[in-house]
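Please examine the sequence and the structure shown below before reading on.

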Amino acid sequence: MKGRLNNQFGEIQVDKDVIALYAGTVAVECFGIVGMAAVSMKDGLVKLLKRDSLTRGINVTIEENRIAIDFHVIVAYGVSISAVSDNLTETVKYKVEAFTGMEVSRINIFVEGVKVID
């Protein structure tokens with residue numbers, strides 16, 4: 001489903017993949033986030049995604065013009081997961097709402113791994 005906005009000029013449709021790419025770009029800029037993760041269901045391994053495939057670690061659903069985002073992330077070793085998740089939630093909510101004009105109703109964060117950064 002696409003997000004729909006109406007204005008005096010007509011209707012605007014925003015695809016879920018566009019929202020996922022924008023949210024992923026915002027997320028990897030947040031303190032403590034190393035990157036997005038892809039979990040292999042076959043063998044249960046977690047893989048750090050490159051910047052060009054960020055959307056694989058993000059799931060966006062749109063219901064009644066309200067956005068719900070699921071992040072699968074890898075965090076930096078030694079940082080507070082609570083602080084990182086609070087920062088990620090606030091930053092993504094603010095920027096995605098400003099970008100799309102739609103309300104972000106829910107952000108779920110799944111920490112899939114921890115990585116030591118040099």
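Predicted model: local features only at pLDDT ≥ 70, side-chain atom pairs only at ≥ 80, totals over all residues.

Residues are numbered from 1 along each chain as its sequence is written, and side-chain values use heavy atoms, without hydrogens and water.

**The helix pair**

Helix H1 covers residues 16-28 and helix H2 residues 81-100; their axes come within 10 Å and cross at roughly 140°. H1 is therefore oblique to H2 (under 35 degrees is roughly parallel, over 145 roughly antiparallel, 65 to 115 roughly perpendicular, and the rest oblique). On H1, the contact (heavy atoms within 4.5 Å) includes Val18, Ile19 and Tyr22, and on H2 it includes Leu88, Val92 and Phe99. The contact residues comprise 10 nonpolar, 2 polar and 1 charged.

**The aromatic pair**

The count is 1 aromatic pair (ring centres within 6.5 Å). The rings of Tyr22 and Phe99 have centres 4.1 Å apart and planes at 10°, so they are stacked (planes under 30 degrees apart; over 60 is edge-to-face and the rest tilted). Because Tyr22 lies in H1 and Phe99 in H2, the pair ties together parts 77 residues apart in sequence. Their accessibility is tabulated here.

| Residue | Relative accessible area | Class |
|---|---|---|
| Tyr22 | 26% | partly exposed |
| Phe99 | 42% | partly exposed |

Buried means under 20% relative accessible area, exposed over 50%, and partly exposed in between, with a 1.4 Å probe and protein chains only.

How values were computed: Axes fitted to C-alpha atoms, helices over the stretch in contact; angles between N-to-C directions. Helix = DSSP H or I, 4+ residues; strand = E, 2+ residues; numbered from the N terminus. Nonpolar A, V, L, I, M, F, W, Y, C, P; charged D, E, K, R; others polar. Phe/Tyr/Trp six-rings, centres within 6.5 Å; stacked < 30°, edge-to-face > 60°.
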